[in-house]
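Have the structure open as you read.

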Amino acid sequence: MSSLKKYLLEGLNGSSTELTGDDEIFRLVVIAEADTVNFYQQLAKRAKNEATRIMLLDIAKEEKVHMYEAMDHLELVDSETNEVKNQAKEETEELLKKSK
């Protein structure tokens, strides 16, 4: 069982792990969706049938949409996430300028 699934099962079933806000919920959603994208992509690599591979990659793409939807919502419920995203974008742009 993945650590995320274990956390969710234990945390949501009343153990000491509790989600205290929407920001925590959506961080978990982002992680879960990223794991799911990876899961479908790994299955696609192992698929023997081309139609199966195509279907799994299409599902992975849909899961990426869910992941980005969750990230967008996280920015709405947690202002620090938006600040960090902007800082990361600036740092990336600076690094790209230096590499030219």
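Predicted model: local features only at pLDDT ≥ 70, side-chain atom pairs only at ≥ 80, totals over all residues.

Residues are numbered from 1 along each chain as its sequence is written, and side-chain values use heavy atoms, with hydrogens and water left out.

Start with helix α2 (residues 22–46) and helix α3 (residues 50–77), which pack at about 165 degrees with axes 8 Å apart. That makes α2 roughly antiparallel to α3 (angles over 145 degrees count as such). Their contact involves 17 nonpolar, four polar and seven charged residues.

Further along, α3 meets helix α4 (residues 79–98): the axes come within 5 Å and cross at roughly 115 degrees. On the α3 side, Leu-74, Glu-75 and Val-77 make the contact (heavy atoms within 4.5 Å), and on the α4 side Ser-79, Thr-81, Asn-82 and Lys-85 do.

Now the charges. The structure holds four salt bridges (a side-chain nitrogen of Lys or Arg within 4 Å of a carboxyl oxygen of Asp or Glu). Among them are these:

| Pair | N to O distance |
|---|---|
| Arg-27 and Asp-23 | 3.3 Å |
| Glu-50 and Arg-53 | 2.6 Å |
| Lys-85 and Glu-75 | 3.0 Å |

Glu-50 and Arg-53 both lie in α3, three residues apart. Lys-85 in α4 and Glu-75 in α3 are ten residues apart and link distant parts of the chain.

Notes: Axes fitted to C-alpha atoms, helices over the stretch in contact; angles between N-to-C directions. Helix = DSSP H or I, 4+ residues; strand = E, 2+ residues; numbered from the N terminus. Parallel < 35°, antiparallel > 145°, perpendicular 65-115°, else oblique. Nonpolar A, V, L, I, M, F, W, Y, C, P; charged D, E, K, R; others polar.
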